[in-house]
Amino acid sequence: MISQIEPKSIDEAIIDESWKIAMKEELSQFEKNEVWKLVPAPADHSIIGTRWVFRNKMDENGKVIRNKARLVAQGYNQQEGIDYDETFAPVARLEAIRILLAYASHKCLKLFQMDVKSAFLNGFLNEEVYVHQPPGFKR
């Protein structure tokens, strides 16, 4: 069962079973990749809020094929030098993609496209980061 409507808030999403499944799928990826663990909130650290972003994934004909719920951190509450020292945002530059395609074409290589449910950075943070539990899923 797939919802055709993108909810604007957690209150709208939590009443629709298809969006609850999408949110649970996102949280299961966090658990599977050991992204976080539940701990009591420390008094001496700032705690970053989280919020849900809901999107419908569509096929080439515009038909909804999947509901995607993404949990995002509200990092704008952090202050450089206090909560973190540096930032890093990996992105694929268009030039790098063009070079890859040109090289593959020149060498007659096959390239395959893959849809990834969740992507996580393989790295370690130097700072301790605390986030609030996801809205709608507090223990």
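The model is predicted: local features require pLDDT of at least 70 and side-chain atom pairs count only at pLDDT 80 or more, whereas totals for chains, interfaces and linings use all residues. Residues are numbered from 1 along each chain as its sequence is written, and side-chain values rest on heavy atoms, with hydrogens and water left out.

**Whole chain.** Of the 139 residues, 22% are buried, that is, under 20% relative accessible area, with exposed meaning over 50% and partly exposed in between (1.4 Å probe, protein chains only). Contacts are heavy atoms within 4.5 Å; among those between residues at least 6 apart in sequence, 64% join residues at least 24 apart. The chain exposes about 11500 Å², 54% of it supplied by carbon and sulfur atoms; accessible areas follow the Shrake-Rupley method with a 1.4 Å probe, and for residues only the protein chains shown count as cover.

**Core.** Next, select Ala13, Trp19, Ala22, Met23, Leu27, Phe30, Trp52, Phe54, Ala69 and Leu71, the 10 residues of the largest nonpolar core. Helix H2 (17–32), strand E2 (50–58) and strand E3 (64–73) each give two or more residues to this core, and H2 provides the largest share, 5 residues. Such a core is a set of buried Ala, Val, Leu, Ile, Met, Phe, Trp, Tyr and Cys residues joined through side-chain atoms within 4.5 Å. Centre the view on Ala69: leaving aside residues up to four places away in sequence, Ala69 touches Trp19, Ala22, Met23, Glu26, Trp52, Val53 and Phe54.

Now select E2 and E3, which pair in the antiparallel sense over 9 bridges; pairing requires at least two DSSP bridges between two strands. Val53 stands opposite Arg70 in E3, and Lys57 opposite Arg66 in E3. Between the strands lie 5 residues, and in this hairpin Gly62 takes a positive phi near 85°.

**Surface.** Finally, select Val35, Trp36, Leu125, Val129 and Val131, which make a nonpolar surface patch of about 420 Å². Patch residues have over 30% relative accessible area and no salt bridge; nonpolar side chains (Val, Leu, Ile, Met, Phe, Trp, Tyr) are joined within 5 Å, like charges within 9 Å. A salt bridge places a side-chain nitrogen of Lys or Arg within 4 Å of a carboxyl oxygen of Asp or Glu. Leu125 lies in the loop between helix H3 (94–106) and strand E4 (130–131) and is exposed, at 64% relative accessible area.

Definitions and conventions: Helices (H or I, at least four residues) and strands (E, at least two) are DSSP runs, numbered from the N terminus.
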